[in-house]
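Hi,

Here is the structure I said I would pass on. Have a look at it, and then read my notes below.

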Amino acid sequence: MGEHEQNRRREIIEAALRVFSRHGFHKATIKQIADEAGLKSPALIYWYFKNKHDLFQVVISESSPLIGMVNRRSDLSDLLDRLPEEVLPLIAQSYYKSFDSPNTVRMFRLLISEAARDPEMGNVFAEAGMFKVLHFVVAYLQRQIELGRLQPHDPQVGARSFLGMLMAYILSREVIPHLRAGLPEVERYVEQAVAIFLDGLRA
């Protein structure tokens, strides 16, 4: 793909993020996205994406540094042997970087509300990369157990617990206003959350 086509693809993704964040997946149309991207014809979108579902998955994947990191790197084995004190903060920081964009925050709120009404939306989010993120964290914790750095435990439980700690911060900050009271800055939260998690599992 040439530079012009790469730029056009990026413009479509950014336009789609804005449209999806305003209207949600079901109400957003390809025509609205084409208009937002300044395209003369909505049909041009199908040159880059198979359909609206495919575009939505790409928007989710590319607006999340964490999902993007996992999707872009076909081989994450170089991280598996690194210390938890290095890798877990890296995961957390990549996750929170996603929410630097107001459009991503709006998308997250829409995903939460739409997934409650339509389970298929949750599947779309998972297929966009969260399955891979979960799989990586499970594999990482399993490797740390094998290396003797973490005590034996079910890595599925550990991975979901760790990712749940990350999600709790965003739910408190962006979705449930009453939970914002006393919420620390994200850097302090990452430091403390990783420490609490590791203190419970350190060998």
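First, a bit of bookkeeping: the expected span of a helix is taken as 1.5 Å times one less than its number of residues, and helices (H or I, at least four residues) and strands (E, at least two) are DSSP runs, numbered from the N terminus. Please keep in mind that this is a predicted model, where local features need pLDDT of at least 70, side-chain atom pairs count only at pLDDT 80 or more, and totals for chains, interfaces and linings use all residues. Residues are numbered from 1 along each chain as its sequence is written, and side-chain values use heavy atoms, with hydrogens and water left out.

**The chain as a whole**

The secondary structure comes to eleven helices and zero strands. The C-alpha trace spans about 60 × 40 × 30 Å along its principal axes. Of the 203 residues, 44% count as buried; buried means under 20% relative accessible area, exposed over 50%, and partly exposed in between (1.4 Å probe, protein chains only).

If you take contacts (heavy atoms within 4.5 Å) between residues at least 6 apart in sequence, 70% of them join residues at least 24 apart. The accessible surface is about 11,000 Å², with 54% of it belonging to carbon and sulfur atoms; that area comes from the Shrake-Rupley method with a 1.4 Å probe, and for residues only the protein chains shown count as cover.

On charges, there are 25 positive and 25 negative side chains, and the centres of the two sets lie 5 Å apart. Lys and Arg count as positive and Asp and Glu as negative, while His and the chain ends are not counted. The place of a charge is NZ of Lys, CZ of Arg, CG of Asp or CD of Glu.

A straight helix of 25 residues would span 36 Å, but H1 spans only 31 Å between its end C-alpha atoms. Where does H1 bend? At Ser 21, by about 85°, the bend being the angle between axes fitted to the seven residues ending there and the seven starting there. Ser 21 is also one of the buried residues of H1, and others among them are Ile 12, Leu 17, Phe 20 and Phe 25.

His 4, also in H1, is exposed, with a relative accessible area of 57%. Its C-alpha lies 44 Å from that of Gln 144, 140 residues apart in sequence.

Ala 28 sits in the loop between H1 and helix H2 (30-37). Is Ala 28 buried or exposed? Ala 28 counts as buried because its relative accessibility is 1%. Leaving out residues up to four places away in sequence, Ala 28 touches Val 19, Phe 20, His 23 and Lys 52. For Lys 52, 24 residues apart from Ala 28 in sequence, the C-alpha to C-alpha distance is 9.0 Å.

**H7**

H7 (residues 84-97) has 14 residues and reaches 20 Å from its first C-alpha to its last, close to the 20 Å expected. Its buried residues include Pro 84, Val 87, Ile 91 and Tyr 95.

Not counting residues up to four places away in sequence, Ala 92 touches Leu 166 and Val 190. Its C-alpha is separated by 16 Å from that of Ser 172, 80 residues apart along the chain.

Glu 85, also in H7, is partly exposed, with a relative accessible area of 40%. Leaving aside neighbours within four places in sequence, Glu 85 is in contact with Leu 198 and Arg 202. Glu 85 and Asn 51 are 34 residues apart in sequence and 41 Å apart in space, C-alpha to C-alpha.

Cheers
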